[in-house]
Amino acid sequence: MTLLISHRPARAAALAAVAARLFQGLVVDAPTTQNGAWLSALIGGMLAAPWMFVISKYRPRGALFIAPLGLYALVDSACVLAAVTRSAGYLALDRSASLVLLIPAGLAALWCMWRNGDAVGYAAMIWTRIAPALLLGVALLQWRYFRPEWLRPVLGAGWPSIIEGGVRCAGWIVAAFAIMALPEDEECVSSFLPVLLGAGIAAGLTLLQFMLVPTQLGGGWLNRLDALLCNGRTPLYLQLPMIVLWFAGLFHLLACELFAASACLQRLLTKLDGKLCALLAVAEAIALSRVGVLSAYGIALSRWGFAAIGTTTLLSMLAGKKGGKIPCAKSD
Amino acid sequence: MRKIGLIALLACAALLLCGCGVSGEVENQAYVLVLGVDRLDDGQLELTARIPKIGKSKAGESGEGGGDYLTFSASGGDYPQALDALEQATPRQMNLSHIELLVASEALAREADFATLVSQIAETPHLYTTARFVVCEGRARDFIEAQETVIGTRLSSEINAMLEHYAQRGTIPDARFADAHYLLGSVYGDPVAILGATARPAESPALSLIGPSSPTEGVSSPMGQRFFGSALFREGRMVGALDARQSMLMNLIRGDVRAIPFECDGRSYTLTVEGRVKREVRLEDGGMALRVTVRLSTLDDVCNEDAARLEDDLEIALRDVINECQRVGAEPFGFAERAAGHFTTLDAWRAFDWRAKYAQAQVETEVSIRNPA
Amino acid sequence: MPEREALRSELSTDLNENVNALRALLNAGVNADAQFRPLRLSGIDLCVVYIEGMADDKKLSDFVLRACNERAQVDVAPLDAQTLMRDVLEIAQCEAESRVEAILEKVATGMSAVLVDGCGEAALLETRGYPARQVNRTTNESVVIGAQEGFVESLRTNMTLLRRYVPSYRLVTECISVGTSVPCHVALCYLAGIADGAIVDAVRRRVKAIDAKTVQGLGAVQQLIEDSPWALLPQMLQTERPDRAASCVMDGQVVLLADNSPYALAAPITLFHQLHASDDSFARWQYGTFLRLIRISGMLISVFLPGLYIALTDYHMHLLPLSLLGSIAEARANVPFPILAEILIMEFSFYLINEAGTRMPQQIGSALGIVGALILGQAAVSASIISPILIIIVAITGLGNYAIPDYGFGIGLVICRLFVIACGAALGLYGVCLAAFVMLVSLCGMKSLGIPYLAPIAPMRAHNPDILLRLPVWMQKRPMFFSAKGKRAVR
């Protein structure tokens, strides 16, 4: 089996993944930017836009590009996997071993990858149509609790933090956008712009969340998740749509990043079967999420991810020029 | 076939690995409806839980045992110990996800590290902080034991309906524990809590009738407890209280009530808020001015002169409430959120030293009342 | 001569030899149905071979035997099968055939073969007249508004019914025989120029590629030609309504009919086709849209409600209002089983009632409702075996399932429901969300004759607004995306 994905499903998957990853990162993982988080999302989008353009337009193929990109997507997927299991633990399964929570998510992702990339992408396409309706429901349920005043001071922790957050966002975008480097179908329009919309959506969602909970100066990961999934005002039973949104968003993100990692692995080791690549990627993601990569990643890797992948992309492009770069086949 | 077998095996393994054993059956849980926190004389922290009996309902009544409740108490050196002791004392798996009322005794709320306790409570697993937050005079355990169903059959519905009724009238704030938790850790204003007290009918003091000069009258009620005002917090601890009338005015400024009864010259009026209550903060030469603009209407017969007097009385009353809060240093009105809007970063905002300036701030109130008829 | 060789041989010019060969192949010695009726015309011996009961005696008497007797003295020599058909026999549909196997196959279906001495060909006459059910009301796909007649077991009748609903010269009904041992006739019906040629070719290729010895009706054909035979949900639409089959044909789908199958198969389809009913077309568009929304809700309830119930009551009590939680706890206070066991007991009881109701003779069928409702419902609650709220859950779930028009699709959803229940019981809402995600991706990966199962939503295709919802008829101008015209429009 060859892990393949067409252009349009890849774009849909990337859109869903970018929005989910930025929201997860800014609201729950590393909210250092405080009220200015939404600006970080936009800056991250702007920073990553040239890279996205290059990936969409020129489709680098060399190992120098594919290997770091796949590895980066894998590490990020481990973070997402950890977020999935911690969320499950927060809701009810806190007395279950973390491995017990990791395995079902890993198996689900594996099954999805075995259905190949188009299935993953089309599922994301449907998700991008369902999610707005759910979001609207969530927003309407909480309407009376939104406090625009809590968005101020508008720059939150200040420009340095916002820019640092933007760089982190660019790193998260790179991991979520990796799937867009995989399509090999003829259709090749530089259509990364719809994916950029994901950054805008994440910015909007972050704004909504910060209108619900006043800026906190302390608190851990679970506190922030608690503020997201149960802000204490809307009756709890009306929080169900938010929980579904959170989980479904993370699942699509996980499948998207793991697929990118698996497909990159297969591009590198062409003799490996796609199913085996997917299995290896899932196993590695589970292992990584067990060895505490999350904490290290949260501090350092997301900050350097964009620069690292950007550099390898550039080097790969230069190397490609020498050997004859592969231009995009224009569709008619 | 091998593929199917493999998938089935993996799925079974996944299911077997999962937390089947961890789930608890719905009828085997002890749902805490009210959780109270007290400081005992020996310095121990006491937790009290009121739990409905399951399976005791009579025909036509369902849930929460038709008015049959148990109260458990346990104490410990700190919150985790007390919670552990309470779980030991409760003969079922204690479920904190449906707490309707979280009660702290006034003495405890006035302690310096009360904010820490609030954080600890909020971070308790499966306590989802949608409870209302009450500070009670006297002991929280007594207050909790006085919680009875008076009109309905379910205590949870009774508490909700009662507090919503009072909150709509404005005599208590719509104070959620989550808000208290968030605001205690935030850079904005201070939280408030509902103020309550235990009072048996025979010794029931009066609920304040709303009006600047109304006499206090006795109220006869079968309720064993009452809710009559707001507890004010500053920097994580309780620093003062507002009575029911003051709470109503505070709620008016916060925009939490749409109509208030008001008495002037022996006549009572119902005043309805038109539009939004405007709260403004002006920063002036190192100082600050607070301004509240309220537009009200009434359907009662009121001549222009009376309306002007009513406006004057209300402006004074609003100023008094704000001044009272300034005196104790509490800011429950939301001025801080607006003041923060004048700054671009959190650091600049914190450097502004809001609290000191708030205490000295000039207060302006403007009330306009019109009669559409 | 071995049987295989005999079958592959052609008729000789010797009548006796031919009759003996056919007798042997039809086991005429023991086979009471095989009839060999000798005749003489113009001094030449003939023999009519037919299967009693399959061939219509009256047709044989009136148009074969009487015709031969009336012309017995007329000189029609030289007499061969062609002359016989042209000058003597009075049956409209007949053909000459020399291959033994083909003759026997036709005779087995009710046609009659007239063997002529001195001629190496037999005249095959359309004399089929076996007893068959009359066209009647549909039994499984009932509608409130709309045509009421349904397909029957006769392929010929079904093809005629389809033609009646699609009176177009473009309607092609292509017959293909499948089954290497016992043949089964399958008719491939489509509108030339409307159906996409590639799809028609794909169906034809797949049907012809069936190498099973026997194919018992369309159920087997479906399994042998579907894109994903392992998938839980069908990728072809079964309908017993000619009007619905006709609608499919007119949309550019290919419809399969077969011998002894009182329903049609339509492909390609999408998930949304499984939620369509004939009422939709007959009712005003607002009602059709509303009914489809009800069916979509029914589908979601059918799949997710019990799983959600167990997830919420076992793991996420906080997501239930306390008053409801109190009611559930009160109701379950004396129930000895955990919720999972309770759900499984009720689900399987429901399936049992359902299956028993389907198999039970009609005369005692009414008793089943009493048994199901009284014993399993009332008594189980009284005995505190099941909580009343669960009965409500299972009943609503069952209703949701019954709202789905397609029987096979409904059963597929029931299996999906069990999967969701297992996930909900093991992992709570996390498990239910995982299950939903896995099912969604699986659906996205499915295809029906190469058409994505969730099209036109994913992938997004320009489509006639009568797929998911039903917009006004005057807006339904665009051809379906899988039809030839639809594909051209997309390009």
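In chain B, 25 residues of domain 1 are in contact with 30 residues of domain 2. Contact here means that the C-beta atoms of two residues, placed from the backbone, lie within 7 Å. Domain 1 of chain B covers 28-257 and domain 2 covers 258-373, with bounds from an automatic or database domain assignment.

This is a predicted model, in which local features need pLDDT of at least 70, side-chain atom pairs count only at pLDDT 80 or more, and totals for chains, interfaces and linings use all residues. Residues are numbered from 1 along each chain as its sequence is written, and chains are lettered from A and ligands numbered from 1 in the order in which they are written.

Back to chain B. On the domain 1 side of that contact, strand E9 (225-234), strand E10 (237-243) and helix H8 (244-254) of chain B each give two or more residues. Helices (H or I, at least four residues) and strands (E, at least two) are DSSP runs, numbered from the N terminus. The most comes from H8(B), with 7 residues. By class, this side of domain 1 of chain B has 15 nonpolar, 7 polar and 3 charged residues. Nonpolar covers Ala, Val, Leu, Ile, Met, Phe, Trp, Tyr, Cys and Pro; charged covers Asp, Glu, Lys and Arg; the others, Gly among them, are polar.

Next, chains A and B. Here 32 residues of chain A are in contact with 33 residues of chain B. On the chain A side, the largest share is 4 residues, from helix H4 (residues 98-114) of chain A. That side has 16 nonpolar, 11 polar and 5 charged residues.

One residue in chain A. A:Ile201 is found in helix H7 (residues 193-212) of chain A. Is A:Ile201 buried or exposed? A:Ile201 is buried, because 22 other C-beta atoms lie within 10 Å. The cut-offs are 20 or more other C-beta atoms within 10 Å for buried, 12 or fewer for exposed, and partly exposed in between, with C-beta atoms placed from the backbone. A:Leu22 is 179 residues away from A:Ile201 along the chain, and their C-alpha atoms are separated by 9.2 Å.

Now chain C, which has 17 helices and 12 strands. The C-alpha trace of chain C spans about 100 × 55 × 40 Å along its principal axes. Of its 491 residues, 45% count as buried.

Chain C has an open sheet of 5 strands, in the order E6-E7-E9-E10-E8, with antiparallel pairing. Two strands pair if DSSP finds at least two bridges between them. Strand E6 (171-178) and strand E8 (237-239) of chain C are at the edges with a single partner strand each, so one side of each has no neighbour in the sheet. Strand E9 (residues 254-258) and strand E10 (residues 264-267) of chain C run antiparallel and are joined by 3 bridges. In this pair, C:Val255 stands opposite C:Ala266.

Last, the domains of chain C. The assignment gives domain 1 (3-125), domain 2 (155-269) and domain 3 (281-451). The C-alpha centres of domain 2 and domain 3 of chain C lie 33 Å apart. Their contact takes 17 residues from domain 2 and 14 residues from domain 3 of chain C. On the domain 2 side, helix H7 (197-208) and E8 of chain C each give two or more residues, and H7(C) gives the most, with 3 residues. This side of domain 2 of chain C has 12 nonpolar, 4 polar and 1 charged.
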